[in-house]
Amino acid sequence: MSNTKLLTAATESFIREHIQVIEQHANLINIGVPIPAVHTSMAIAQAKMPTFFNITTADRDGTLLFFAPTHLNESVNRLPIELRNVSERDYFIEAMVTRKTVISDAIMSKGVVVEPMISIATPTVQNEQFSGIVFGAIHLGAINEFKNTVEQLLPNKHVVITDNLGRTVFTDDKIALAPLAQFTPFPVYHYITELLPVARVGGNSFIYEHRMNEYGWHIYVLHDTKNAVNDIENNFIVVGIGIIFVICLFLFFAHKLSTKITAPLVDLLNPEGQRHTKKLSMLGNSKEFSDVANKLKRTQFLMQSFEDRLKQQVTEKTVQLEQLNLQLAAQAREDGMTQLLNRSGFDELAINAIKTSYRLNQPFSLALLDIDHFKTLNDSYGHPFGDKCLQAFAALMQRNCKRETDIIGRYGGEEFIILMSGKDVQSHHKMMQKIHQQTMALSLTTQDGEHVSFTVSVGICSILGNVNLNLHDIVELADEELYKCKRTGRNKISSVTYGYTNEEE
Ligand SMILES: Nc1nc2c(ncn2[C@@H]2O[C@H](COP(=O)(O)OP(=O)(O)OP(=O)(O)O)[C@@H](O)[C@H]2O)c(=O)[nH]1
């Protein structure tokens, strides 16, 4: 039961209890019990119920007839008539008119005792005529019933009870509200509590609960806003931690569940094979699962085949590319017209061959061969014929220089080069003589059917032992010999030997 409901029930039973006493005595009068006996009973009742500071009878004009406690009767009788008459009081008038028990608003008593009070008035009726009232004044300052209830049930809360006009009937000791003080809380709303009404009492703010009892009294239970806000904030933390805990728990179980589902699927894709068997059985052998498993296996198989095919294609392409690279490299070193090495191709091989010869202390010769008057050939028979001569001369060289160690190249234009290693330099010279003679014997037919021959000049540089000359030096020396040939009439061989002898032929 809520706080206000409890208190509402308590106030109702409090009022009912007091009504009963008043109505009992009115009834005694109504049924004709001798008045002295009724007065005696009233005095006893008042003594037993100290919240009644008096239980009184008045005649039909409102004049007080009897006053309990009886020791005040004399004082009452000495009062001026207007103070001994209650005919102007609302509770008297209402009881007279309605012929029913009336509970007054919270008012000040008058007469011998002036205190805040609530009057319970019951009309008396004799010969069906209104004959007066029996009424008891509840001393608001002496209400202790609720105090105990409040202290026991609501130790940290405050209670305000008002009549139906908002005049204070009761407050606990901690609230500084005088009896009869007006208490009509005007709800303002707190930023945290938002929807909870907040009342201000004596400069303090309280969140309040409100209820009205069946007699029109208002019951307010006040909560200190600081405590209430703290309570709410604490609850926020507790609720927040609770929510986080629940989320964590949910995530944990969600993870467990997802792992339980996905682990066997992942395991299915594991090429190690049968490890999934146990996990599969965890899920049961449902048709859906075996469908998924089969599809995954099929996908895995397709992926594997695709990967294998891809690897094979990559390997094939790599080999093709390597071959292409070799071809390109070879082409880069080759003279397109004669298929001999070009200058850079020749240099690359010749440098290594020279180094090897030096290391092995082997003799070697380098010869430059230049077709004589080649320009005239071109000019006389045309450039294509010139090309034909170049190709024929290249073929002639290749036919003669068949040793593995012979390196032949076209060094530019109509100039050819050959490096001969091993054996003796005489054999190199003989080889050049052979080429020289065969060139003279070579006869090429022009487009016009004319037979044309040409000659070649040859400059040779032979090296015996390690003379510390590099390719460039040796080419220059051979070129000097070639120049000598050209200068002295062409169609000649001139040679120089380093490390042994210098000979001109
Ligand atoms: N047909 C043809 N001619 C070329 C090629 N490369 C260079 N020539 C020509 O070869 C000729 C070389 O002429 P020159 O350097 O004066 O030499 P030459 O006429 O042989 O005179 P000498 O060497 O002094 O006997 C030039 O006319 C070039 O145009 C080629 O690939 N094909």
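In which loop does Pro-69 lie? In this predicted model, Pro-69 is found in the loop between strand 2 (64-68) and helix 3 (73-78). The peptide bond that joins Ala-68 to Pro-69 is cis, with omega at about 15°.

**Nonpolar cores**

- The largest nonpolar core has 35 residues, and those touching the most other members are Ile-55, Ile-143, Val-159, Ile-161, Val-169 and Phe-170.
- Helix 1 (residues 3-30) is the greatest contributor to this core, giving nine residues.
- Both domain 1 (3-142) and domain 2 (154-270) supply at least three residues to this core.
- Another core, of 30 residues, lies apart from the largest one; among its members are Leu-340, Leu-377, Phe-454 and Val-458.
- When neighbours within four places in sequence are left aside, Ile-161 is in contact with Thr-11, Phe-146, Arg-167, Thr-168, Val-169, Phe-170, Trp-217, His-218 and Ile-219.

**Helix 4 and its surroundings**

- Tyr-91, Phe-92 and Ala-95 are buried in helix 4 (residues 90-98).
- These buried residues line one face of the helix, because they fall within an arc of 105° when seen down the axis of helix 4.
- In general, an α-helix has 3.6 residues a turn, so residues three or four places apart point the same way.
- Asp-90 and Val-97, on the other side of helix 4, are exposed.
- The packing partners of the buried residues of helix 4 are strand 1 (52-59), strand 3 (102-108), strand 4 (116-126) and strand 5 (129-139).
- Arg-99 follows helix 4 and has a positive phi, near 60°.

**Helix 11**

- Helix 11 (residues 383-400) has 18 residues, which at 1.5 Å a residue should span 26 Å; the end C-alpha atoms are 26 Å apart, in agreement with that expectation.
- The buried residues in helix 11 include Phe-385, Gly-386, Cys-389, Leu-390 and Ala-392.
- Phe-393, Ala-394, Leu-396, Met-397 and Asn-400 are also buried in helix 11.

**Positive phi values in loops**

- Glu-128 is a residue other than glycine with a positive phi, near 60°.
- The loop between strand 4 and strand 5 holds Glu-128.
- Glu-128 has a relative accessibility of 67% and therefore counts as exposed, the cut-off for that class being over 50%.
- Asn-491, also a residue other than glycine, has a positive phi near 50°.
- Asn-491 is placed in the loop between helix 13 (471-487) and strand 18 (493-498).
- Asn-491 counts as partly exposed because its relative accessibility is 25%, which falls between the limits of under 20% for buried and over 50% for exposed.

**Spans annotated in UniProt**

- According to the unreviewed UniProt entry, residues 236-254 carry the annotation "transmembrane region".
- In the model, residues 236-254 are 100% helix and 0% strand, with the end C-alpha atoms 26 Å apart.
- The unreviewed UniProt entry also lists residues 307-334 as "coiled-coil region".
- Residues 307-334 are 96% helix and 0% strand, and the end C-alpha atoms of this span lie 40 Å apart.

How values were computed: Residues are numbered from 1 along each chain as its sequence is written. This is a predicted model: local features need pLDDT of at least 70, side-chain atom pairs count only at pLDDT 80 or more; totals for chains, interfaces and linings use all residues. Side-chain values use heavy atoms; hydrogens and water are left out. Helices (H or I, at least four residues) and strands (E, at least two) are DSSP runs, numbered from the N terminus. The expected span of a helix is 1.5 Å times one less than its number of residues. Buried means under 20% relative accessible area, exposed over 50%, partly exposed in between (1.4 Å probe, protein chains only). A nonpolar core is a set of buried Ala, Val, Leu, Ile, Met, Phe, Trp, Tyr and Cys residues joined through side-chain atoms within 4.5 Å. Domain bounds come from an automatic or database domain assignment. Contact means heavy atoms within 4.5 Å. UniProt positions are given in the numbering used here, feature names are shortened, and annotations may be inferred rather than shown by experiment. The arc is that of the directions from the helix axis to the C-beta atoms.
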